[in-house]
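Here are my notes for when you sit down with this one. Keep the viewer open and click along as you read.

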Amino acid sequence: MKKLALNGAGLLVALFAAFPVYWMIATSLKPNREIFSATPRPVPAEPTLEHYREILTGNLIPGVTFLDFFLNSVLVAVATVLLSGLVALLAATAVARFRFTLRTSFLILLLVVQMIPLEALVIPLFLMIQRLGLYNTLPSLILTYLGFSLPFAVWMLRGFVAAVPKELEEAAAIDGASRAQTFRKVLFPLVAPGLVATSIFSFITAWNELIFALTFINDQQKYTLPVAMTFFFGRDDTAWGSVMAASTLFTLPVIVFFLLVQRRMVSGLVAGAVKG
């Protein structure tokens with residue numbers, strides 16, 4: 001009975017979490033008369049792809065399509081993931097494997113950065129971006145998202161690197177492997193699950209962010225998807241069908257990215273790696 005109650009509670013939580021996603025997809029498939037009906041149906045009576053066709057073939061603003069915004073977001077998110085993964089892995093390895101001055105202070109600083117609200121940094125970062133000559137460019141977003149994703153990535157990867165037995169690296173060194181070869185062939189494969197986890201966090205951070213994308217970019221052709229989503233909300237009315245269809249397409253890349261990398265998110269890869 002206890003197991004049955006726990007499973008039932010878990011099922012209720014799963015349904016509660018999945019219902020908004022289901023309602024979003026169902027609404028995106030409803031014609032406008034069903035969306036604004038006095039008695040909304042949980043299942044579309046007459047499913048249609050009209051809203052998807054509108055946002056994919058039409059122009060949200062003159063000369064710019066939904067696909068253009070999509071490609072901007074992909075470029076920013078992928079660049080953020082690659083750079084944060086590379087820098088975080090090198091920094092985590094240095095923190096976990098070497099002893100240097102102010103090492104503890106560096107780790108504390110990583111936690112302090114995570115505590116600062118993003119809204120408090122908009123103005124100083126905006127001034128910094130202007131002085132660097134990066135205003136109204138996508139690299140300004142990549143650098144900003146990189147700065148916010150790195151502290152978490154370094155802190156998390158440090159634990160994965162520290163969990164890898166040093167004996168593995170020493171054995172590789174005895175066999176003649178250089179430090180670079182040891183890092184590439186021994187440490188990197190074992191830390192890959194942690195790298196995948198931090199990559200998901202970095203991807204979601206860069207993919208969903210709105211405030212900095214709206215502040216640092218003035219050219220509408222360089223807007224990312226979160227900014228483009230605001231075009232569906234008018235002063236007098238809201239195109240809810242288009243909002244739900246765009247939200248569904250906006251969510252798909254995150255799901256696809258997770259499905260591609262989730263196979264690497266396993267634990268215990270180093271269990272039994274060291275001979276007794």
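1. Nothing here comes from an experiment on the protein itself, so to speak; treat it as a prediction.

2. The chain is divided into domain 1, residues 1–48, and domain 2, residues 49–274. Their centres, taken over C-alpha atoms, are 30 Å apart. Eleven residues of domain 1 and twelve residues of domain 2 take part in the contact.

3. Now look at what the two domains hide from each other. About 900 Å² is buried between domain 1 and domain 2, and carbon and sulfur atoms give 67% of that area. On the domain 1 side, pick out Met 24, Ser 28 and Thr 48: together they supply 55% of the area that domain 1 buries against domain 2, more than any other three residues.

4. Is Ser 247 buried or exposed? Its relative accessible area is 15%, and the cut-off for buried is under 20%, so Ser 247 counts as buried. Leaving aside residues up to four places away in sequence, Ser 247 touches Met 24 and Met 229.

5. Next, the largest pocket, which holds about 330 Å³ of space. It is lined by 14 residues, and the closest to its centre are Arg 97, Phe 98, Glu 169, Arg 179 and Thr 182. Helices α4 (66–97), α8 (166–174) and α9 (179–208) each supply at least two lining residues. α9 gives the most, with five. By class, the lining has six nonpolar, three polar and five charged residues.

6. The second largest pocket has a volume of about 230 Å³. Among the residues lining it are Val 113, Ile 116, Met 128, Ser 140, Thr 144 and Phe 148. Which of the elements gives the largest share? That is α7, with five residues.

7. For the largest pocket, remember, the count of charged residues was five.

8. Last, a backbone detail worth a click. Asn 136 lies in the loop between α6 and α7. Its phi is near 70°, a positive value in a residue other than glycine.

How values were computed: Residues are numbered from 1 along each chain as its sequence is written. This is a predicted model: local features need pLDDT of at least 70, side-chain atom pairs count only at pLDDT 80 or more; totals for chains, interfaces and linings use all residues. Side-chain values use heavy atoms; hydrogens and water are left out. On a 1 Å grid over the protein atoms alone, a cavity is a set of points where a 1.4 Å probe fits but cannot get out, and a pocket is an open set with protein on both sides within 12 Å along at least five of seven lines; lining residues have an atom within 4 Å of a point. Grid points are joined across faces, edges and corners, and a volume is the space filled by probe spheres set on the points. Helices (H or I, at least four residues) and strands (E, at least two) are DSSP runs, numbered from the N terminus. Ala, Val, Leu, Ile, Met, Phe, Trp, Tyr, Cys and Pro count as nonpolar, Asp, Glu, Lys and Arg as charged, and the others, Gly among them, as polar. Buried means under 20% relative accessible area, exposed over 50%, partly exposed in between (1.4 Å probe, protein chains only). Contact means heavy atoms within 4.5 Å. Domain bounds come from an automatic or database domain assignment. Buried area is the accessible area (1.4 Å probe) that two parts lose on being put together, summed over both.
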